[in-house]
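Here are a few friendly notes to read alongside the model.

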Amino acid sequence: MSDLPLLQAMDLVKSFGGLAANDGLSLTVAAGTIHALIGPNGAGKSTTINLLSGELAADRGAIRFGGHDITRLRTHRRSWLGLKRSYQVTSLFSEFTALDNIAMAIQAQAGHAFRFFAPARADRRLREPAMDRLRQFGLDAIAEHPVSVLAHGVRRQIELAMVLATEPRMLLLDEPMAGMGQAEREEIVRMLVGLKGDTTILLVEHDMDVVFALADTISVMVKGRSIASGGPSEIRANADVQAAYLGDY
Ligand code: ADP
Ligand code: MG
């Protein structure tokens, strides 16, 4: 962990019709930290993730990442710089095995270098790092299973392992455990704990037990802006946060 900002959002504004979903959002994420973004429904958390990933363009404001001004960069350019997001299952090829999926992600990341070594699954230089990734997250037992036969929660784990296999500098996660059962949620939390200090993560999550257990820093978003940012104990003690969101937590 360090105090160096990896990502800085400055005064972001994004309106949909008359509604400002981001209304002067500023946020600094330090390198190597897990930074949770919390706040009530409709606060603008998902909009923030979309602005940071590049899926939405900000009306105003600026975003800096690793010394670059990325405000006007498209999604794939941000991804090349190492700022990535994890989707929910949609990016998996369900007819391929878990191992194939990870190998293909590594191949895609490597770009031209591996282009002539298709299919990815046959290439030892892709299979071995892919297997290492599965092992890292305790998923090696299902390496040869087609994704289509795996439980929803396991697919979500593979999706996460897949984006991590491309070694992002920073990962954006918007409610990665939504719709999952308790056991599956614990598996994802376990994966995220394993990344602590390594991959910088901005995590939108509404389960406060998860947030307070995982996060180094928490920012609280209300009505399109961040009203407080600090360590878990600081946020828990913040009267404005209590009033706006946390209640008796
Ligand atoms: P959160 O993720 O914190 O629940 P969102 O960023 O999804 O909040 O939404 C913030 C506000 O912006 C909400 O009022 C929502 O209805 C609105 N909003 C989000 N995305 C769109 C969109 N694509 N078109 C219109 N309104 C949107
Ligand atoms: Mg949301």
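1. Helices (H or I, at least four residues) and strands (E, at least two) are DSSP runs, numbered from the N terminus. With that in hand, strand 2 (19–30) and helix 1 (45–53) each give at least two residues to the shell around ligand 1. Helix 1 provides the largest share, three residues.

2. A word on the basis: this is a predicted model, where local features need pLDDT of at least 70 and side-chain atom pairs pLDDT 80 or more, while totals for chains, interfaces and linings use all residues. Residues count from 1 along each chain as written, chains are lettered from A and ligands numbered from 1 in written order, and side-chain values use heavy atoms, without hydrogens or water.

3. Around ligand 1 (a heavy atom within 4 Å) you will find, among them, Phe-16, Pro-40, Gly-42 and Lys-45. By class, the shell has five nonpolar, five polar and one charged residues, with Gly counted as polar and Lys as charged.

4. Now the polar contacts (N or O pairs within 3.5 Å). Oxygen atoms of ligand 1 lie 2.8 Å from a polar side-chain atom of Lys-45, 2.9 Å from a polar backbone atom of Ser-46 and 2.6 Å from a polar side-chain atom of Thr-47. The protein buries 57% of the 560 Å² that ligand 1 exposes when taken alone (Shrake-Rupley, 1.4 Å probe).

5. Elsewhere, the axes (lines fitted to C-alpha atoms over the stretch in contact, with angles from 0 to 180 degrees between N-to-C directions) of helix 5 (residues 152–165) and helix 6 (residues 182–195) come within 9 Å and cross at roughly 15°. Helix 5 is therefore roughly parallel to helix 6 (angles under 35 degrees).

Notes: Polar contact = N/O pair within 3.5 Å; in protein donor to acceptor, adjacent residues only side chain to side chain. Parallel < 35°, antiparallel > 145°, perpendicular 65-115°, else oblique.
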